[in-house]
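These are my notes on one chain. I went through a few residues and then the cores and the surface.

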Amino acid sequence: MRQLSNAAGHSPRLWGLVAREIWRRARRRIRTGPVYRWRFAGRTPERVLIAPPDLRLADPQIASEIYFGRFPLAGRMVDTGGRSPFEIQEASAAWKRSLNSFRWLRHLREAGTELAAGNARALVGDWIAVHGSHIEGLAWEPAVTARRVMAWMQHSTVVLQGAEFSFYRAFLRSLAVQIRYLRSMAPDMPDGEERLRARIALAFAALSLPVSTATLRSATRNLADELDRQILPDGGHISRNPMAVLELLADLLPLRQTYANQGQTPPPALLGATDRMLPALRFFRHQDGSLARFNGMGATIPDRIAAILRLDDTAGQPLLHAPHSGYERLSVGTTTVIADTGMPRAIEVSAGAHAGCLSFEMSADRRPFIVNAGVDAYGPAEYRVLARATAAHSTATLNDTSSCRFTSSGRIQRLIGTALVAGPKRVRVRRTDRDETQGFAAAHDGYVAPFGLVHERELSLSGDGGQLSGSDRFRRPNGQPPRTGARDRAAIRFHIHPDTELMRDPDDRLVLYAQGAPAWTFSCEEIAPAVEESIFFAGISGPRRNLQIVLDVPLAQTSEVRWRFMRTEIEDAGEQGADRAQ
């Protein structure tokens, strides 16, 4: 899979982003140097007024593992062998960030024993001894610090249970330094989810510790400004990543409750954001409970979503149209289709964006059938690059080329990550709902610059939810078909979930079969479908092998392809004489 050509060089916006990141890092080094470090000193709070709630799932068995020096974090189990975990050097950066974020304290709280409380206290003391007086390195990255500040406050009851006065003071002193440091760093943090989380952490701090009215007012105002900017009118996040909605709700809902518990009126921006985000979370939720795998979304733990949605008082049906986030939803009966019909909103928040415009996923009868590859959040970097390519999505690619271009310079990637720097500039969308049928038509111009072609896709879900009809068209910008004699080829891909079997029935039709659910047959009149291997990156236990249906289309001969998935009452494909497709 090729990216679009780099011949045109990088855009001015990219160079501007690189320059800002260089300046941001320089300012951070200056601010954490010995000349300015005195700014983080100050009065130590006398006590923690309130421990905010934590909605993330907790497992007391993990508390037992931690007691024995085994830390299952960021997809890896690291045995410390009796050493302080904060002195481990050989672990991955993701594991170290997770360790220094302290979100794992919730497992020790859930254990509810004096042993777990003593272990929590010892580990916090370890961190203060190793990192507390040296404001540098990964442990003091602003994003890591924001998570740690929230975790220490949320689980202060278990950390301080049975603590001596000297530890109590050391804990509060360190917490105060981290809050002042975060307050200084937050305005210069890169745009996106982590900057918003820093503002959430500072609002938690202003509510949980004795502070002046002015400090609380400032924290609330800064939070509101960031929420108004980052949470879109339809409830999505500017990154377009469904996981961002879930993760931010897990922080914002406890914050809303903490305002109320402290007798403070939550800011309207906080109330409005959560009221919009809860329906957005339902929008991205499939029949099987997973979130749609778009733009950085990986594996879903359905219980986490259920824990959040229990706080949704409306419990209404999800919307079908998310125009600001750039997604469409078709949902009839027990069938749900979710499609990406948008483009990255800004290069600053595109480090996790995918080249998946017009891709879709389909679930039915609580089973996943058609998916995108998703991401392996803790896997090798080269896997994440593959997962972002157009070919890893259930959409069409032209000439084996992604519809977007990503930064390829290693030096730039080390500064800002793998940002999306070129792709569709316009995506046209219109709903085609009629009677009981739901549908939409969309087109993107991501292939106009390299190949002079527009990709158009139309999807329609029947009134009983039993038939998904689709068409893919390839036109020149003036609406004319591709030029005669051109060698352009399109590959229309449908990635099959690993838990769904792909089989051929006695009539040589492709049949998608998931245990306990009706099967779906695939048909296409213009092109004979082929079956190829693929990789599903978003497995809970890591990448898994799966299959994909591929329509190889010579555009000079066929510029429009119609296809169909139809539910059939085959409940056991084996009993019907079907054979595995590959």
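Is S208 buried or exposed? I looked up S208 and found it buried, because its relative accessibility is 0%; buried means under 20% relative accessible area, exposed over 50%, and partly exposed in between, with a 1.4 Å probe and protein chains only.

I note the basis here: the model is predicted, local features need pLDDT of at least 70, side-chain atom pairs count only at pLDDT 80 or more, and totals for chains, interfaces and linings use all residues. Residues are numbered from 1 along each chain as its sequence is written, and side-chain values use heavy atoms, with hydrogens and water left out.

**Helix 9.** I placed S208 in helix 9; helices are DSSP runs of H or I with at least four residues, numbered from the N terminus. Leaving out residues up to four places away in sequence, S208 touches V48, L49, I50, P52 and M153, where contact means heavy atoms within 4.5 Å. I also checked Q262, which is 54 residues from S208 along the chain; their C-alpha atoms are separated by 8.5 Å.

R197 also lies in helix 9, which covers residues 193–208. I list R197 as buried because its relative accessible area is 0%. Its side chain makes a polar contact of 2.9 Å with the side chain of D251. A polar contact is a pair of N or O atoms within 3.5 Å; within protein, one must be able to donate a hydrogen and the other to accept it, and residues adjacent in sequence count only if both atoms are side-chain atoms. With residues up to four places away in sequence not counted, R197 touches R103, A146, R147, M150, E247, L248 and D251.

**Cores.** I then looked up the largest nonpolar core, which has 93 residues, with W104 and F171 making the most contacts inside it. Such a core is a set of buried Ala, Val, Leu, Ile, Met, Phe, Trp, Tyr and Cys residues joined through side-chain atoms within 4.5 Å. A second, separate core has 44 residues, including A364 and F474.

**Around helix 13.** I found I301 in the loop between helix 12 (268–283) and helix 13 (302–309). I301 counts as partly exposed because its relative accessibility is 44%. In helix 13, the buried residues are R304, I305, A307, I308 and L309. I see these buried residues pack against helix 11 (242–261) and helix 12.

Technical notes
Helix = DSSP H or I, 4+ residues; strand = E, 2+ residues; numbered from the N terminus.
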